[in-house]
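Here are a few friendly notes to read alongside the model. Please keep the structure open as you go through the points.

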Amino acid sequence: MRRKIIVFVIIFICFLLQTTLFQTLSLASISPNLLVVVVSSFGFMRGRKEGMYIGFFTGLIFDIFYGAILGFYALVYMYIGYCNGMFRRFFFPDDIKLPMLLIIASDIVYNAGVYILKFFFRGQFHISYYFLHIMAPELVYTVLVMIFLYPVLLKVNQKLEAIEKRSSAKFV
């Protein structure tokens, strides 16, 4: 129960930061996607199932406040969390290269999904413009923020795992 509450607080704080503070700090109207960082990080730290649940919940919050179609972002984030969860067996806390590569891939998949489902099907075929002016700057900005956010998420996850191990050892 403690983990669920703390993860909810992390998601809520990152949602608020992404939609308020980083909107005002946006560069050329581009802001980092903190929610992709959170979903990807918990996905490969905790596995497919938890990554999927966290992704769905994160996307649902985003859908409720900013989505035109309820469930669109929930589906996208859910897939991102599930796919990152497949890399759990390759996860090592000391290595930042794999998380960085997975977050880069997740941000590309997120933006490609948004482009295909929101623009391409409506007949707007300007993929080069979308890539150069939206996807690439957001990717760079997200990776820069990830360098500072990921260690915090890692420490929180390690603390929660240590608490869970201590409490499970009491019952053995």
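1. Helices here are DSSP runs (H or I, at least four residues), numbered from the N terminus. Phe8 sits in helix 1. This is a predicted model, where local features need pLDDT of at least 70, side-chain atom pairs count only at pLDDT 80 or more, and totals for chains, interfaces and linings use all residues. Residues are numbered from 1 along each chain as its sequence is written, and side-chain values use heavy atoms, with hydrogens and water left out.

2. Phe8 has 37% relative accessibility, so it counts as partly exposed (buried is under 20% relative accessible area, exposed over 50%, partly exposed in between, with a 1.4 Å probe and protein chains only). Phe8 belongs to a nonpolar surface patch that also includes Met1, Ile5 and Phe57. Helix 1 (residues 2-24) gives the most to this patch, with eight residues.

3. Do have a look at Arg46, which forms a salt bridge with Glu50, the closest N and O atoms being 3.1 Å apart. (A salt bridge is a side-chain nitrogen of Lys or Arg within 4 Å of a carboxyl oxygen of Asp or Glu.) Arg46 also meets Glu161 in a salt bridge at 3.2 Å, N to O. Glu161 lies in helix 6 (residues 127-170) and Arg46 in helix 2 (residues 34-46), so this pair ties together parts that are 115 residues apart in sequence.

4. Another salt bridge joins Asp95 and Lys97 (3.2 Å, N to O). Lys97 is exposed, with a relative accessible area of 59%, whereas Asp95 is partly exposed at 24% relative accessibility.

Definitions and conventions. Patch = residues over 30% accessible without salt bridge, like charges linked within 9 Å, V, L, I, M, F, W, Y side chains within 5 Å. Areas by Shrake-Rupley, 256 points an atom, 1.4 Å probe, with all protein chains shown as cover. Helix = DSSP H or I, 4+ residues; strand = E, 2+ residues; numbered from the N terminus.
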